[in-house]
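Keep the structure open while you read.

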Amino acid sequence: MPNKPFLIRNAVLDDAPALLDIFRQCEPLVNNSDSRHGTGLIDVMDWLDNASEQHPMLVVEHQKKAIAWCSLEPFYGLPAFDLACEISLYVRPDWQRKGIGRRLFQYLEAQRAVLKFTHLVAYIYASNLNSRAFFKRQGFEEWGLLPNIAQNQDTQDDVFLFGIQYLPLS
């Protein structure tokens, strides 16, 4: 692992192109060829616009370059679920297996009292064995399966629901 420090910070609008690039490299079912159905820069800008103190979009930066990002989003949108967040976490392929995702996850756990969550939920493609293994190593359990729910023109995939529950906030 490089000796230079990593900076974890809130994402800003100028990060949008780098975040989109990382997302496209990591999402196997993203359809980049069809601008009507693919994820684009406007989508990432919307994600950034919807980020908040309790539901941040974070960037891991190394030598002033974004190498990973994650977001916490409201899980369901009803008050009964306010302490649950959906987590999305993406690490550039050339930085995977170097502890970047673990550092980002540990940062989130350390900020749990500020972010006010008791549950994290992740949706993971069944075919993404590396992501499934990563979340299991962080203590997530498999909570459910959504069969053949992810589809594009060429592929369909099951999606696993992974989750972790923490002690109630004091």
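A pocket here is an open set of grid points with protein on both sides within 12 Å along at least five of seven lines, and its lining residues have an atom within 4 Å of a point. The model is predicted.

How many residues line the largest pocket? The count is 46. Ser88, Leu89, Tyr90, Ser131 and Phe135 lie nearest the centre of this pocket. Its volume is about 1200 Å³. By class, the lining has 27 nonpolar residues, 12 polar ones and seven charged ones.

The helices α1 (16-26), α2 (41-50), α3 (100-110) and α5 (129-137) each supply at least two lining residues. So do the strands β3 (65-74), β4 (84-91), β5 (119-125) and β6 (141-151).

Now the sheet. Strands of a sheet pair through backbone hydrogen bonds, either parallel or antiparallel. In this model, seven strands form an open sheet with mixed pairing. Their order is β1-β2-β3-β4-β5-β7-β6. Which strands stand at the edges? They are β1 (6-10) and β6. Each has a single partner strand, so one side of each is left without a neighbour in the sheet. On average, neighbouring strands are turned by 25° against each other, direction ignored.

Look next at β4 and β5. They run parallel and are joined by three bridges. Alanine 84 has histidine 119, in β5, as its bridge partner.

Finally, α1 packs on the sheet. This helix touches β2 (57-62), β3 and β4. The direction of α1 makes about 85° with that of β3.

Terms used:
Residues numbered from 1 in each chain as written. Predicted model: local features only at pLDDT ≥ 70, side-chain atom pairs only at ≥ 80, totals over all residues. Heavy atoms only, no water. 1 Å grid on protein atoms, 1.4 Å probe; cavity = no way out; pocket = protein on both sides within 12 Å on 5 of 7 lines; lining within 4 Å. Points joined across faces, edges and corners; volume = space filled by probe spheres on them. Helix = DSSP H or I, 4+ residues; strand = E, 2+ residues; numbered from the N terminus. Nonpolar A, V, L, I, M, F, W, Y, C, P; charged D, E, K, R; others polar. Pairing = 2+ DSSP bridges. Axes fitted to C-alpha atoms, helices over the stretch in contact; angles between N-to-C directions. Contact = heavy atoms within 4.5 Å.
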